Amino acid sequence: MPVADDKKQIKEEDIAKKESTLKEEGTSKAKTFHLLLLPIVGVVVVAVALLLQHLGNPANMGFCIACFLRDTAGAVGLHSAAVVQYVRPEIIGIILGVFIFALVRGEFKPKGGSAPVTRFVLGFAMMMGALIFLGCPLRMLLRIAAGDLNAIVGLFGLVAGIFIGALFLKRGFSLKRNYDQGKAEGSLLPVIALILLGIVLFAPVILLVSAEGPGSMHAPLLIALAAGLIVGALGFITRLCFTGGIRDAILMKKFPPMLWAFIAILVVGLIGNLVLGTFNLGFADQPITHTDGLWNFLGMTLVGLSATLLAGCPFRQLVLAGSGNSDSVMAVAGMVVGAAFMHNFNMASSPAGIGENAIYGFVIVAAIVVGIAVYNTFFRSK
């Protein structure tokens with residue numbers, strides 16, 4: 001009997017080793033696939049952005065989550081800035097694209113309950129920084145690829161903000177864990193997006209639409225919707241985040257795969273702008289931007305810090321929200337309210353410069369964000 005038991009144990013160990021080897025091979029193949037997919041997704045994103053610009057979206061704004069949420073907020077009457085009011089189908093497309101893809105893959109697993117109010121405030125702050133700079137991290141890359149040197153100043157600010165956030169992460173910053181939630185809870189945002197799409201298609205007269213300015217510039221509705229569906233699905237597959245790559249580089253002190261998507265966007269965007277004749281190197285005469293270097297830097301610093309504390313840029317938050325993460329829904333809601341607040345209280349920037357009250361708002365909100373970081377790093381567990 002002991003001999004038989006030994007043989008059985010050896011056989012079980014062999015099976016366990018084979019299973020472990022197969023698992024490691026599967027993980028390695030998945031990592032390789034992910035590494036190859038990221039630059040491809042970067043190429044697709046920038047190609048879609050350039051196409052949307054060519055078909056009517058504002059220059060250097062083929063895709064900008066912050067700008068599109070702001071325009072949509074204006075279209076439903078949350079702010080009265082007449083030049084930025086239009087329901088952007090790209091936003092609806094991202095939400096529905098992620099939702100459908102997650103359902104099909106069996107990965108629609110709603111979660112939430114991780115400091116929702118804090119996430120709302122950080123989303124608000126992230127939008128404030130973006131509207132001071134005039135663009136989210138994705139638009140920042142598109143602006144750089146088109147020759148806008150103001151966006152390079154913004155890039156330095158973004159890295160500074162992420163670096164500050166990474167210091168807190170290293171010392172234990174956490175908004176604590178989230179919990180499984182019902183599918184009905186996770187489906188609410190996609191349902192709202194679907195209702196909004198229905199209004200756009202069948203009752204557009206009840207929405208506000210800009211007669212001039214960025215809100216009046218848009219690609220054909222169905223093409224913009226399809227673009228959002230595609231980019232949303234790809235963002236869900238790859239977990240693409242336009243601040244996560246820089247954060248990982250700072251924390252791990254090595255080149256993370258996510259940065260290949262950044263490089264692809266910059267290289268292909270540069271080539272595309274040169275071919276289309278839309279490349280304009282310099283600080284002045286850039287579309288829908290301003291040349292105040294200090295506030296371009298500080299605006300993106302606030303974006304970088306807030307995104308790092310939230311564990312995701314505006315694009316990543318929208319993708320997570322579409323996949324059923326109610327914490328990210330709160331962050332997106334904060335961004336929408338932040339956009340309305342910025343315009344209603346004359347804080348949003350324009351080509352003329354920063355808003356009249358932007359300095360006051362920035363100081364208050366930045367102090368709150370730092371307070372959130374300090375509390376959730378050094379005091380919450382006590």
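**A walk through the model**

Modeller: In this predicted model, the side chains of Asp148 and Arg143 are joined by a polar contact of 2.8 Å.

Biologist: Where is Asp148 in the chain?

Modeller: Asp148 sits in the loop between helix H5 (137-145) and helix H6 (149-170).

Biologist: Buried or exposed, that Asp148?

Modeller: Buried. The relative accessible area of Asp148 is 0%. Buried means under 20%, so Asp148 qualifies.

Biologist: What does Asp148 touch, leaving out residues up to four places away in sequence?

Modeller: Arg143, Asn280, Gly282, Gln286 and Thr289.

Biologist: New topic. Where is Ser349 found?

Modeller: Ser349 is in another loop, between H13 and helix H14 (358-379).

Biologist: And is Ser349 buried or exposed?

Modeller: Ser349 is buried, at 8% relative accessible area.

Biologist: Which backbone oxygen does the Ser349 side chain reach?

Modeller: The one of Ile132, at 2.7 Å. Ser349 also touches residues beyond four places away in sequence, among them Leu131, Leu134 and His290.

Biologist: What about Pro314? Which helix is it in?

Modeller: Pro314 lies in helix H12, residues 314-322. Pro314 is buried, with 1% relative accessible area.

Biologist: What does Pro314 touch, again skipping residues up to four places away in sequence?

Modeller: Ile65, Met126, Cys136, Pro137 and Met335.

Biologist: How far apart are the C-alpha atoms of Pro314 and Val329?

Modeller: They are separated by 11 Å. Along the chain, Pro314 and Val329 are 15 residues apart.

Biologist: And the C-alpha atoms of Arg171 and Ile206?

Modeller: Those are separated by 49 Å. Arg171 and Ile206 are 35 residues apart along the chain.

Biologist: Where does Arg171 sit?

Modeller: Arg171 is in the loop between H6 and strand E2 (179-180). A polar atom of the Arg171 side chain lies 3.1 Å from the backbone oxygen of Leu167. Not counting residues up to four places away in sequence, Arg171 touches Thr377 and Phe378.

Biologist: How many residues line the second largest pocket?

Modeller: There are 19. Thr72, Leu189, Ile192, Leu196 and Val336 lie nearest the centre of the pocket.

Biologist: How many residues of that lining are nonpolar, polar or charged?

Modeller: The lining has 17 nonpolar residues, one polar and one charged.

Biologist: Zoom out. How many helices and strands are in the chain?

Modeller: The chain has 14 helices and two strands. Of its 382 residues, 52% are buried.

Biologist: What does the radius of gyration say about the chain?

Modeller: The chain has 22 Å. A compact globule with 382 residues would have a value near 21 Å, so the two agree.

Biologist: What does the C-alpha trace span along its principal axes?

Modeller: About 85 × 45 × 40 Å.

Biologist: Last one. Among contacts with a separation of 6 or more, what share comes from residues 24 or more positions apart?

Modeller: Those account for 81% in this chain.

Methods
Residues numbered from 1 in each chain as written. Predicted model: local features only at pLDDT ≥ 70, side-chain atom pairs only at ≥ 80, totals over all residues. Heavy atoms only, no water. Helix = DSSP H or I, 4+ residues; strand = E, 2+ residues; numbered from the N terminus. Buried < 20%, exposed > 50% of the residue type's maximum accessible area, 1.4 Å probe, protein only. Polar contact = N/O pair within 3.5 Å; in protein donor to acceptor, adjacent residues only side chain to side chain. Contact = heavy atoms within 4.5 Å. 1 Å grid on protein atoms, 1.4 Å probe; cavity = no way out; pocket = protein on both sides within 12 Å on 5 of 7 lines; lining within 4 Å. Nonpolar A, V, L, I, M, F, W, Y, C, P; charged D, E, K, R; others polar. Rg over C-alpha atoms; globule rule 2.2 N^0.38 Å.
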